[in-house]
Amino acid sequence: MKVLVAMSGGVDSSVAAALLVQQGHQVIGATMQVWDYCDLEAGSGSCCSSLDVDDARSVADRLNIPFYVINCEAQFKTSVIDPFVQSYLQGQTPVPCVNCNTFLKFDYLIKKMHELECDYLATGHYASIENSGETPTIITSEDSYKDQTYFLFTLQKSVLKHLMFPIGHLKKPQVRILAEEFGLINARKKDSTGICFVGKGDYAEFVSRHADPASLKPGLIRRHPEGEILGRHNGIHHFTYGQRRGLGMDYHETLFVLSTDPKTNTVWVGDEKFLYSKELSLKDCNWLDSLPLDEDVTVKIRYAHRGSKARIIEGSQVEGQGLGEKIKIMFHEPQRAVTPGQAAVFYRDRQLMGGGWIE
Amino acid sequence: MSSTNISSTLTSLQSTSKIYLDHNATTPLGEAARQALLNHIDEFGNPSSIHWAGRIPKMVLREARNAVAKSLNVQPLEIVFTGSASESNNLILKGVVDQLRAQGKASNTVPKILTSTVEHPSVLYTLEQIKGIEVLKVPVDRSGTLDMNFYSKALESKAVHLVSIMTANNETGSVFPIGKLGKMAHEGGALFHTDAVQALGKMELDLPRWNIDFASFSAHKFYCLKGVGVAYIKRGLELPSLIHGGGQERSRRAGTENVLGIATLGAMCGSLSAELVNEKSKYMQELRNHMESRIEKEIQGIDFHCRTQPRTPNTSHFSVQGINGESLLMALDLKGFAVSTGAACSGGSTEPSPVLLAMGFSKEEAQSSLRVSLGWRTTLEEIDRYVTVLGSTIRHLREVNL
């Protein structure tokens, strides 16, 4: 089979490519260029920077496969960076990796896959495809710690039959061993962490640099529920729900960020107990399979969350499509820091069912 | 999973036959060049050495210089070997400015350089880097025509010190009237330089006929090894060195000479004659024209560029409607065809070519453009195969993009 492999320069996607070559597929490697490298000072460690492209190219040379750098700068800016900045300015905490998957990896690259007459698109995601039923399903990887299915909830059903996740059945240590065996240059390379386009600075600094200066307004820090003014801040984008440190204040109680209001530029802080909630509203949901309305489902409210049981309490079945775009769920147990802008992702056992954005 | 040495289990690259149609980017070794390389491959000596080891290398240099000079109808003394045409351009542009300053000609006035908007980056970007000069750029329109009004007006005040206009453009193949431009430059009191990289091997070159003072050439664009350039400096003109050090090239360019590379250039130039270059030009032109007419007949939505003006006989440049140029290039590569797009490379991305944008092409046109450049050894069979595959590939890409 002819497979287009998205290679970031990291060890996961490199081993994915190597496995496919070993299995006898006709493999084409590609890196998405999402940022002008002259701009970003960061070397490696922040995903697709130019040193990482060199690593990907080295691996491709080692595997004797064609390798291309695909320019996605414009799409990346409109689909990932701009919404990321806007989200923070609206007082939310975004998950840009999901947008990258939605619009770039599994949209733009799928198109490239068709253009180059390939049968599959493969990535180094920790996820698995199961083909036992009528339509393929995505299930969590063998490595539950590294599992990345959280970021895949927006995938369209039509795309699943073209996907391969060659390392989904492996655990990270096994992947590194394979990389050594294959003689890949990045076998010992550190995993990239954080947001790939943010580089050296932190996300707040990035937002400050890329937002319209008029939208970066200072404001008040107030205590919930009384409304007492506790201090000032330099922009709500510096704060995220549930944050404890960095409040810039000296207070005898431990206070947490409870919400940020873009209309009044107010950051509300309060006692930890206010961070807990059971109900959750979701919008722009995407479903890979039909969710049962009368059964428990496991929901992750952020990547690092372990997942908790919940039930759907509001949501209509759309004719022929299953659940619609907006639903409400209720957790069995109160959950800490349900953060607007994050995604809530649904699982039935190990199967990825879909998810939506937390309002 | 057993321990695997993947290179032993690798399936080799798809065994598609490869067809090279990107001669404006670089060329394979010519027959004479290959012979010269093999003949001299063990001549390791330093040409500057007094002893036996330097004798033949020194002779190789001398003979190559004579051959290059003869093929351009100039004196051997006027030929300086550099490491590349980019270096030649740097040597000439920076050297002239330094010389002007040293001679005090421009002590009160800022050195004024007249160039075009479509020059190679080693001219345009170099000019940007030189401090304290004024640069005027003659526009070139999308048909490949240089704005002669602008050119003559710019020279009117006799304030221009140096003109630098390329002989032929590497992207569209457009050829500029160097003889006329050189004459006008001199009448305007300016020195004249031409980047003639794309001209060697594609047209007759008789530099004295052209009224020029400086010219740049590249060996690897003419079926020779990479790592050798030529700077033609008219006798009597003084030019400070760019690279200082030992006294090589009569102290005009330091650094132990690339003997093997220069040997290949000498051999190719030695085999060159007006008859040969005209024969090859005619050959490439016929193939190129045949290719264009088949494309016109068989593929919809192709817009050819710069055909109404003189162009190099081997180059074809056109935009393809309804597709992404990058995808077309990749798809063609996977099928074994090497061609180029209208995009330059910067920081790894594919920005639309500044030359095409300067000529008035839109970003979309620039990003969906293809450049095909034939060589002396391109065959009819290769061209015919290319057109057939180009057609099916474009049709497929258009379908996917619907």
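This report walks through some local features of a predicted model with chains A and B.

## A mixed sheet in chain A

Let's begin with chain A, where four strands line up as an open sheet in the order β9-β8-β11-β10, with mixed pairing. The edges belong to β9 and β10 of chain A, and each of them has a single partner strand, so one side of each lacks a neighbour in the sheet. On average, neighbouring strands here are turned by 25 degrees against each other, direction ignored.

Have a look at β10(A) and β11(A): they run antiparallel and are joined by five bridges. One pair to find on your screen is A:S259 with its bridge partner A:W268 in β11(A).

Between β8 (219-223) and β9 (229-233) of chain A, the loop holds A:P225. The peptide bond leading from A:H224 to A:P225 is cis, and its omega is near 0 degrees.

Another loop of chain A, the one between β10 (256-261) and β11 (266-270), contains A:N265. This residue is not a glycine, yet its phi is positive, near 55 degrees. Is A:N265 buried or exposed? A:N265 is buried, because its relative accessible area is 11% and the cut-off for buried is under 20%.

B:N211 sits in the loop between β6 (191-195) and β7 (214-218) of chain B. Here phi is near 60 degrees, again a positive value in a residue other than glycine. With a relative accessibility of 29%, B:N211 counts as partly exposed, since that term covers values between 20% and 50%.

## Where the two chains meet

Two packed helices are described by the angle between their axes and the distance between the axes. For helix α4 (residues 96-115) of chain A and helix α14 (residues 380-400) of chain B, the axes come within 9 Å and cross at roughly 150 degrees. Why is α4(A) called roughly antiparallel to α14(B)? The crossing angle of roughly 150 degrees gives α4(A) and α14(B) that label, because angles over 145 degrees count as roughly antiparallel.

The crossing of α4(A) and α14(B) is right-handed. On the α4(A) side, the contact is made by A:K111, A:H114 and A:E115, and on the α14(B) side by B:H396, B:L397 and B:V400.

## A covered strand in chain B

Next comes strand β3 (residues 112-116) of chain B, which is mostly covered: five of its five residues are buried. In a regular strand the side chains alternate between the two faces of the sheet. In β3(B), you can see B:K112, B:L114 and B:S116 pointing one way, while B:I113 and B:T115 point the other way.

Strand β4 (residues 134-138) of chain B runs parallel to β3(B), and five bridges join the two. Among the paired residues, B:S116 has B:V138 in β4(B) as its bridge partner.

## An antiparallel sheet and its helix

Chain B also has an open sheet of four strands, in the order β9-β10-β15-β12, with antiparallel pairing. At its edges stand β9 (302-304) and β12 (340-341) of chain B; each has a single partner strand, so one side of each is left without a neighbour in the sheet. Helix α10 (residues 274-298) of chain B packs on this sheet and touches β9, β10 and β15 (369-373) of chain B. The direction of α10 makes about 15 degrees with that of β10(B).

Three bridges join β9(B) to strand β10 (residues 315-320) of chain B, and the two run antiparallel. Within this pair, B:D303 stands opposite B:S319 in β10(B).

## Two buried residues in chain B

The loop between β9 and β10 of chain B contains B:R311. B:R311 is buried, with a relative accessible area of 14%. What does the side chain of B:R311 make a polar contact with? The partner is the side chain of B:E292, at 2.8 Å. Leaving out residues up to four places away in sequence, B:R311 touches several others, including B:T172, B:R288, B:H305 and B:S316.

Our last stop is B:T264 in helix α9 (residues 259-270) of chain B. B:T264 is buried, with a relative accessible area of 0%. The side chain of B:T264 reaches the backbone nitrogen of B:L225 at 3.3 Å. Beyond its neighbours within four places in sequence, B:T264 is in contact with B:A33, B:A36, B:L37, B:C224 and B:L225.

How values were computed
Residues numbered from 1 in each chain as written. Chains lettered and ligands numbered in written order. Predicted model: local features only at pLDDT ≥ 70, side-chain atom pairs only at ≥ 80, totals over all residues. Heavy atoms only, no water. Buried < 20%, exposed > 50% of the residue type's maximum accessible area, 1.4 Å probe, protein only. Pairing = 2+ DSSP bridges. Axes fitted to C-alpha atoms, helices over the stretch in contact; angles between N-to-C directions. Polar contact = N/O pair within 3.5 Å; in protein donor to acceptor, adjacent residues only side chain to side chain. Contact = heavy atoms within 4.5 Å. Parallel < 35°, antiparallel > 145°, perpendicular 65-115°, else oblique. Left-handed = near helix turned anticlockwise from the far one by under 90°.
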